[in-house]
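User: I am new to this protein and would like a close look at one part of it. Please start with the whole chain, then zoom in.

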Amino acid sequence: MTVADFRAPLPTSGGIDVDRPGIPFARLVRVELRKLVDTRAGFWLTASIGVIAAVIMVAMLIANRNDPGNLNLGEFFGMMNIPTAIILPILAILLVTGEWSQRTALTTFTLEPRRERIIGAKLVASMITAVAAVAVALILGIVGNSIAAVAFADPAGAWGLSVAGFVNSFVIQAFGLLLGFGFAALILNTPGAIVAYFALPTALSVVSELVPWFKDNLGQWVDTTLTNMPFQSGEWATGGEWARLLVSGLIWIALPLCIGLVRVMRSEVK
C-alpha cells in the first residue's frame, strides 16, 4: 500500500450521509415531552399536579359548605395553581439534570450533536407543560365551581375570573419554571438545583425582613418574592412592576441559563 492509497477519496457507499437533513426540532420537543413521564419520579410528579388539584377542589367544597359565598371560579383557579407552582419547576429541573444524573447525555448528544437544540427543545417542552398545567387548573376550577353552583346554589359558583388573573397565573407559573430551568442548566445536578431553587427566595425574603432598606430599594428589583407579588392578584400589573419582574428574571433566570448553556456546550460527556 502506497501513500497514494491513503490520499484516495473514501468510498461513499455504506458511509455517513452528510447531506441527510437533521432531526426536526418538533421531534426533539416530542422526545423531551416523553422524557417528562418516562421515569417514575417524572410520571408521579406530572400526575400529582392533577391529583393534588382535584384534592384541593374537594377540600374547598367541604370546607366552605357552610359558607358557600367564598366559592367562585377565581378562588378555585387560584388555589389549584399553588401545587402547580411548586411541582412545575421540579419537573423542569429533572428534565435538564436527568441527562447527567441518569447518564443519558452521551446517547442524546450523539444522536443530536448540536447541544443547543437539545436545551431549546427542553425549554419548549417545559413551557408546553406549564400551559397544560394551567389549563388543567382552569378545567378543574370550572368543574369545582359548577359543583358548588349546583350543590349550594347562590351565592356560590360565581364565574368571576378576570383575564388579568388568568394571565398573571401563567406569568407566575412560567417564571418559577424558568427559574428552576436556569439553575438546573447552571448546576447540572438534581439535588443542588432543587436546593438552589428553594433556597434563593427564602434567603432573599429573610434579608428583606431583616434589612428594611434592602426591601424598600434593591429588594424590589432582585427579590423574586417581591417582584412576583403584584402578579398574585386579579389586576393588571403596572409598567414598573413588569420592569422589576423583568430585571429579576434577567438576574436569576437569564444569567444562570446563559452560563449553564456555555457549560453544557463545553462539558465532557462521560
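How much accessible surface does the protein chain have, and what share of it belongs to carbon and sulfur atoms? After that, please look closely at helix 7. Which residues does glutamine 173 touch there?

Analyst: This is a predicted model: local features need pLDDT of at least 70, side-chain atom pairs count only at pLDDT 80 or more, and totals for chains, interfaces and linings use all residues. Residues are numbered from 1 along each chain as its sequence is written, and side-chain values use heavy atoms, without hydrogens and water.

Surface first. The protein chain has an accessible surface of about 14800 Å², and carbon and sulfur atoms hold 68% of that. The areas come from the Shrake-Rupley method with a 1.4 Å probe.

Now the overall build. The protein chain has 12 helices and 0 strands. Helices here are DSSP runs of H or I, at least four residues long; strands are E runs of at least two; both are numbered from the N terminus. The C-alpha atoms fill a box of roughly 95 × 50 × 30 Å along the principal axes. Of the 270 residues, 39% are buried, meaning under 20% relative accessible area with a 1.4 Å probe, protein chains only. Take the contacts between residues at least 6 apart in sequence: 75% of them join residues at least 24 apart. A contact means heavy atoms within 4.5 Å.

The largest nonpolar core has 42 residues. Such a core is a set of buried Ala, Val, Leu, Ile, Met, Phe, Trp, Tyr and Cys residues joined through side-chain atoms within 4.5 Å. Ile49, Leu88, Leu91, Val96, Phe109, Leu179 and Phe231 touch the most other members. Several helices each supply at least two residues of this core, among them helix 4 (73-101), helix 6 (115-152) and helix 7 (163-187). Helix 7 gives the largest share, 9 residues. In soluble globular proteins, nonpolar side chains tend to be buried together.

Look at leucine 179. Setting aside neighbours within four places in sequence, leucine 179 is in contact with Tyr197, Leu200, Trp252 and Ile253. There is also a second, separate core of 13 residues, including Leu71, Met80, Leu140 and Ala148.

Finally, your residue. Glutamine 173 sits in helix 7. Glutamine 173 counts as buried because its relative accessibility is 3%. Its partners, not counting residues up to four places away in sequence, are Asn81, Thr84, Ala85, Leu88 and Val134. One of them, Leu88, is also among the core members with the most touches to other members.

Key
Buried < 20%, exposed > 50% of the residue type's maximum accessible area, 1.4 Å probe, protein only.
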